[in-house]
Amino acid sequence: MSNHSPPGRAERFVALFEATYADLVRFAQRRVPAPQAEDIVAETFLVAWRRTDELPIGLADARPWLFGIARNVILNSHRGARRQLAVAVRLAETAPSALDDDAELVARQVDLTRAWGRLTAVHQEALALSVLDDLTAPQAAAVLGISPVAFRLRLSRARRALRALLGHHPAPTPERHPS
């Protein structure tokens, strides 16, 4: 906890956490698969911590406020899942025009679709924002709420992961020998 927090801020948050955690997990489990519920609750408390200054006084008012945050986190999660599915569909529909052999084209699409499915959600999102949504690094970074440098790093890692999953390993760099 920050030393710059207003007095009582941390204590109010801890009290809210202790009073609502179990209820919030059950709330999330009714709306998302069980393994995802813990992530939803964690993100909910992260948002609540950031907005602690808006925390209503008294548990009776704070509890629905927190459940509202959880609901929004769940809705965002559903939107993200739909976006990933849409991107996967778009990737499957995208066909390179230079290929003459239909079998090779199909094989590449299958490989790409499989590789895409094995990427992490973070890597998929970075690639989708850059390639499919055609956003610049600063624009994509703004969408994700991170710095452009952090986005470029994330995109670089995503490209590297996709190349590795497709079996496209970069040429080895020559070793340097001290002279």
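Biologist: Which backbone oxygen does the side chain of Thr-20 reach, and at what distance?

Modeller: This is a predicted model, in which local features need pLDDT of at least 70, side-chain atom pairs count only at pLDDT 80 or more, and totals for chains, interfaces and linings use all residues. Residues are numbered from 1 along each chain as its sequence is written, and side-chain values use heavy atoms, with hydrogens and water left out. Thr-20 sits in helix α1, residues 9–29. Its side chain reaches the backbone oxygen of Leu-16 at 2.6 Å.

Biologist: Is Thr-20 buried or exposed, and which residues does Thr-20 touch beyond four places in sequence?

Modeller: Buried means under 20% relative accessible area, exposed over 50% and partly exposed in between, with a 1.4 Å probe and protein chains only. Thr-20 has a relative accessible area of 0% and is therefore buried. Contact means heavy atoms within 4.5 Å. Not counting residues up to four places away in sequence, Thr-20 touches Phe-45, Leu-59, Arg-63 and Leu-66.

Biologist: How many helices and strands are there in the protein chain?

Modeller: Helices (H or I, at least four residues) and strands (E, at least two) are DSSP runs, numbered from the N terminus. From the N terminus on, the elements run α-α-α-α-α-α-α. The count for the protein chain is 7 helices and 0 strands.

Biologist: What percentage of contacts between residues at least 6 apart in sequence joins residues at least 24 apart?

Modeller: The protein chain has 179 residues, 28% of them buried. Among its contacts between residues at least 6 apart in sequence, the share joining residues at least 24 apart is 59%.

Biologist: What separates the C-alpha atoms of Gln-124 and Gln-84?

Modeller: Gln-124 belongs to helix α5 and is buried, with a relative accessible area of 7%. Leaving out residues up to four places away in sequence, Gln-124 touches Trp-116, Gly-117, Leu-119 and Gln-84. Gln-124 and Gln-84 are 40 residues apart along the chain, and their C-alpha atoms are separated by 7.4 Å.

Biologist: How far apart are the C-alpha atoms of Ala-158 and Ala-126?

Modeller: Ala-158 lies in helix α7 and counts as buried at 0% relative accessibility. Leaving aside neighbours within four places in sequence, Ala-158 is in contact with Leu-119, His-123, Ala-126 and Leu-127. Ala-158 and Ala-126 are 32 residues apart along the chain, with their C-alpha atoms separated by 6.9 Å.

Biologist: Why do the buried residues of α6 line one face of the helix?

Modeller: In α6, the buried residues are Ala-137, Ala-140 and Ala-141. Seen down the axis of α6, they line one face because they fall within an arc of 105 degrees, the arc being that of the directions from the helix axis to the C-beta atoms. The face turned away from the buried side carries the exposed residues Ala-142 and Val-143. The buried residues pack against α5 and α7.

Biologist: Which element gives the most to the lining of the largest pocket?

Modeller: On a 1 Å grid over the protein atoms alone, a pocket is an open set of points with protein on both sides within 12 Å along at least five of seven lines, and lining residues have an atom within 4 Å of a point. The largest pocket is lined by 26 residues, with Asn-76, Gly-80, Arg-83, Gln-84 and Glu-125 nearest its centre. At least two lining residues come from each of α2 (34–50), α3 (59–93), α5 (121–132) and α6 (137–144). The most, 9 residues, comes from α3.

Biologist: How much space lies in the second largest pocket?

Modeller: A volume is the space filled by probe spheres set on the grid points, which are joined across faces, edges and corners. The second largest pocket is lined by 14 residues, of which Leu-91, Arg-108, Leu-112, Leu-162 and Leu-166 lie nearest its centre. The largest share of that lining, 4 residues, comes from α4. The space in the largest pocket is about 880 Å³, and in the second largest pocket it is about 370 Å³.

Technical notes. On a 1 Å grid over the protein atoms alone, a cavity is a set of points where a 1.4 Å probe fits but cannot get out, and a pocket is an open set with protein on both sides within 12 Å along at least five of seven lines; lining residues have an atom within 4 Å of a point. A polar contact is a pair of N or O atoms within 3.5 Å; within protein, one must be able to donate a hydrogen and the other to accept it, and residues adjacent in sequence count only if both atoms are side-chain atoms.
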